[in-house]
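This report describes the structure shown below for a reader who is meeting it here. Please keep the sequence and the model in view while reading.

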Amino acid sequence: MRWSKTLNQKKQAARVLASLAAVCMMAWGIYRGEVAVVLGKAVNVCLECIGLG
């Protein structure tokens, strides 16, 4: 029982750490102004490849 509890705590810690890393990377991308680049590419995919325009 004790082994299972520590394993679950390690998994939870890994999930929290991965989530924190993801949030930090998203914030860094927003800070660098990459939101406009991603949005521009998304618009091009919709208009050219899928043919919504």
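## Cysteines

Cys24 has a relative accessible area of 47% and is therefore partly exposed; buried means under 20% relative accessible area, exposed over 50%, and partly exposed in between, with a 1.4 Å probe and protein chains only. Cys46 also counts as partly exposed, because its relative accessibility is 31%. A search of the whole structure finds 0 disulfides, a disulfide being a pair of cysteine sulfur atoms within 2.5 Å.

## Basis of the model

The model is predicted: local features need pLDDT of at least 70, side-chain atom pairs count only at pLDDT 80 or more, and totals for chains, interfaces and linings use all residues. Residues are numbered from 1 along each chain as its sequence is written, and side-chain values use heavy atoms, with hydrogens and water left out.

## Overall form

The chain contains 2 helices and 0 strands; these are DSSP runs, numbered from the N terminus, with helices (H or I) of at least four residues and strands (E) of at least two. The radius of gyration of the chain is 19 Å, well over the 10 Å that the globule rule gives for 53 residues, so the chain is more spread out than a compact globule. This radius is taken over C-alpha atoms, and the globule rule is 2.2 Å times the number of residues to the power 0.38. Along the principal axes, the C-alpha atoms fill a box of roughly 60 × 25 × 10 Å.

Of the 53 residues, 2% count as buried. The chain exposes about 5000 Å², of which carbon and sulfur atoms supply 69%; accessible areas come from the Shrake-Rupley method with a 1.4 Å probe, and for residues only the protein chains shown count as cover.

Helix H1 covers residues 2–32 and includes Asn8. Asn8 is partly exposed, with a relative accessible area of 46%. Between Asn8 and Arg32 there are 24 residues of sequence separation and 36 Å in space, C-alpha to C-alpha.

The count of salt bridges comes to 1, where a salt bridge is a side-chain nitrogen of Lys or Arg within 4 Å of a carboxyl oxygen of Asp or Glu. The side chains of Arg32 and Glu34 form a salt bridge at 2.9 Å, N to O. Arg32 is exposed at 53% relative accessible area, whereas Glu34 is partly exposed at 33%.

## Helix H2

Helix H2 spans residues 34–50, and Leu47 lies in it. H2 has 17 residues and reaches 23 Å from its first C-alpha to its last, close to the 24 Å expected at 1.5 Å a residue; the expected span is 1.5 Å times one less than the number of residues. Just after H2, Gly51 takes a positive phi of about 80°.

Leu47 is partly exposed, with 48% relative accessibility.
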